[in-house]
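I want to look up a helix, a core and a pocket, and jot down what turns up.

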Amino acid sequence: MNPALRDSAAHVFVDDLAAPMLSDADLHHLSNVLRLRDGESVSVSDGAGGWRMCEWRDEALRIAGDIVTIAAPSPRIGVAFVPVKGDRSEWTVQKLTEIGVDDIVVLAPTRRSVVRWSNVDKQLDKLRVVAREAAMQSRRTHLPTVTGLVPLADALARPGAVVADPLGAELAGGPLPALVVVGPEGGFDPEELPAAVARVTLGGTILRAETATLVAATLLVAQRHVHAASTR
């Protein structure tokens, strides 16, 4: 990570890097929550890899550096999960974003699902806000996608999709999965999973659903680093 990006007093997303303007929510956050002082640096990004440095002055952004473009991490990696109780779905999305997942897929209820959303659009909008805020905190320049509710069969049909399973193969050493699908508490009903679907283990213990998503994300990011190093 660029030191200037890492050390900025705040990081925000804007629609136009040529003329960066803060949303009302971001203006409130920088001014009243972070209480930035005139002269402090603020990095701004378009969420698609572009970013530049600005200066906080009179509760506005002043351009202080050229636009820099960072290539997207490759290959893309994702985690799919079934909604969990309380605010744990939000917590899951927050942590997946911080770890560096590119695609966050919220699955439609499966047979053993406990949580069933009554207002899907509202819940997904909330999760996208959580992902954006987490990307700001972690200084990401590429926003993750948050999609849902995706039927399990559709998620498993994606190229490179695998299912987290205690009896599966080690994730390290094989092809890097594009999507690790994590089941609800109690797992998937065996009849929900095609016999041919690839399975990977996340370790030797039984994990809570939200913990499994983070373990999957961490393993994927680590393996992507190995993959990138081996192809240089």
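**Ground rules.** I'm working with a predicted model, where local features need pLDDT of at least 70, side-chain atom pairs count only at pLDDT 80 or more, and totals for chains, interfaces and linings use all residues. Residues are numbered from 1 along each chain as its sequence is written, and side-chain values use heavy atoms, with hydrogens and water left out.

**Entry 1: helix α4.** Helices here are DSSP runs of H or I with at least four residues, strands are E runs of at least two, and both are numbered from the N terminus. I looked up α4, which covers residues 120-137. How far apart should its ends be? The expected span is 1.5 Å times one less than the number of residues. For the 18 residues of α4 that gives 26 Å, and the end C-alpha atoms are 26 Å apart, so the two agree. Just after α4, I noted that Arg139 has a positive phi of about 65 degrees.

**Entry 2: what α4 hides.** I call a residue buried under 20% relative accessible area, exposed over 50%, and partly exposed in between (1.4 Å probe, protein chains only). The buried ones in α4 are Leu124, Leu127, Val130, Ala131, Ala134, Ala135 and Met136. An α-helix has 3.6 residues a turn, so residues three or four places apart point the same way. Which elements cover the buried residues of α4? I found β1 (10-13), α2 (24-33), α3 (88-99), β7 (103-107) and β8 (145-150) among them.

Entry 3: Leu127 sits in α4 and counts as buried because its relative accessible area is 1%. Contact means heavy atoms within 4.5 Å. Leaving aside neighbours within four places in sequence, Leu127 contacts Ser89, Glu90, Val93, Val106, Trp117 and Val146. With residues up to four places away left out, Arg132 touches Phe13, Asp26 and Leu143. I also checked Arg132 against Ser23: they are 109 residues apart in sequence and 13 Å apart in space, C-alpha to C-alpha.

**Entry 4: over to α3.** Thr92 lies in α3, and its relative accessible area is 0%, so Thr92 is buried. Its contacts, not counting residues up to four places away, are Phe81, Glu210, Thr213 and Leu214. For Val93 I wrote down Phe81, Ile104, Leu127, Val130 and Ala131, again leaving aside neighbours within four places.

**Entry 5: the core.** A nonpolar core is a set of buried Ala, Val, Leu, Ile, Met, Phe, Trp, Tyr and Cys residues joined through side-chain atoms within 4.5 Å. The largest one has 27 residues, and Val79, Val93, Leu96, Ile104, Val106 and Val180 have the most contacts inside it. β6 (78-81), α3, β7, α4 and α6 each give two or more residues to this core. Which element gives the most? It's α6, with six residues.

**Entry 6: a pocket.** A pocket is an open set of points on a 1 Å grid over the protein atoms alone, where a 1.4 Å probe fits, with protein on both sides within 12 Å along at least five of seven lines; lining residues have an atom within 4 Å of a point. Volume is the space filled by probe spheres set on the points, which are joined across faces, edges and corners. The largest pocket comes to about 530 Å³. Of its 20 lining residues, Ile70, Pro73, Arg140, Arg224 and His225 are closest to the centre. α6 (209-230) gives the most to this lining, with four residues.
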